[in-house]
Amino acid sequence: MTQRDFARIVSCSFSLIALVEVGKRRVTEDLEHKIKMAFDIDDKQLQSITSLISEFSKGIPPFM
């Protein structure tokens, strides 16, 4: 999914998504709400996704 696709689904601007992705804007409560509504996810699911992203950003060990 591109940033433009994501922005369209969430009903916000592409530039906002681009700025959030590079760390120049933060995810506001309003944006978080829009994302949860657009993808039909709840707080628990969002926390799980956040944890996975955090683990992946540390690096994935090679397969044995």
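Where does S11 lie? S11 sits in the loop between α1 and α2. Before going further, a word on the model. It is predicted, so local features need pLDDT of at least 70 and side-chain atom pairs count only at pLDDT 80 or more, while totals for chains, interfaces and linings use all residues. Residues are numbered from 1 along each chain as its sequence is written, and side-chain values use heavy atoms, with hydrogens and water left out.

Start with the overall plan. The protein has four helices and zero strands. Along the sequence the pattern reads α-α-α-α. The radius of gyration is 13 Å, well over the 11 Å that the globule rule gives for 64 residues, so the protein is more spread out than a compact globule. That radius is taken over C-alpha atoms, and the rule is 2.2 Å times the number of residues to the power 0.38. Helices here are DSSP runs of H or I with at least four residues, strands are runs of E with at least two, and both are numbered from the N terminus. The C-alpha trace spans about 40 × 25 × 20 Å along its principal axes.

Next, the surface. Buried residues make up 14% of the 64 residues. Buried means under 20% relative accessible area, exposed means over 50%, and partly exposed lies in between (1.4 Å probe, protein chains only). The accessible surface comes to about 5,400 Å², and 59% of it belongs to carbon and sulfur atoms. These areas come from the Shrake-Rupley method with a 1.4 Å probe; for residues, only the protein chains shown count as cover.

Now look at helix α3, residues 29-39. L31, I35 and K36 are buried in this helix. Seen down the axis of α3, its buried residues fall within an arc of 135°, so they line one face of the helix. The arc is that of the directions from the helix axis to the C-beta atoms. On the other side of α3, E29 and M37 are exposed. What covers the buried residues? The cover includes α1 (3-10), α2 (14-21) and α4 (43-57).

Follow the chain out of α3. D40 comes just after this helix, in the loop between α3 and α4. Its phi is positive, about 50°, although D40 is not a glycine. D40 is exposed, with a relative accessible area of 70%.

Return to S11. Its phi is also worth a look: the value is near 65°, positive in a residue other than glycine. At 53% relative accessibility, S11 counts as exposed. S11 and S54 are 43 residues apart along the chain, and their C-alpha atoms are separated by 26 Å.

The start of the chain comes next. M1 is found in the segment before α1. It counts as exposed, at 66% relative accessibility. Which residues does M1 touch? Leaving aside neighbours within four places in sequence, M1 is in contact with F6, I9 and F39. Contact means heavy atoms within 4.5 Å. M1 and E21 are 20 residues apart in sequence, and 14 Å apart in space from C-alpha to C-alpha.

Of the contacts with a separation of 6 or more, 26% join residues 24 or more positions apart. The mean positions of the 9 positive and 9 negative charges are 7 Å apart. Lys and Arg count as positive, Asp and Glu as negative; His and the chain ends are not counted. Each charge is placed at NZ of Lys, CZ of Arg, CG of Asp or CD of Glu.
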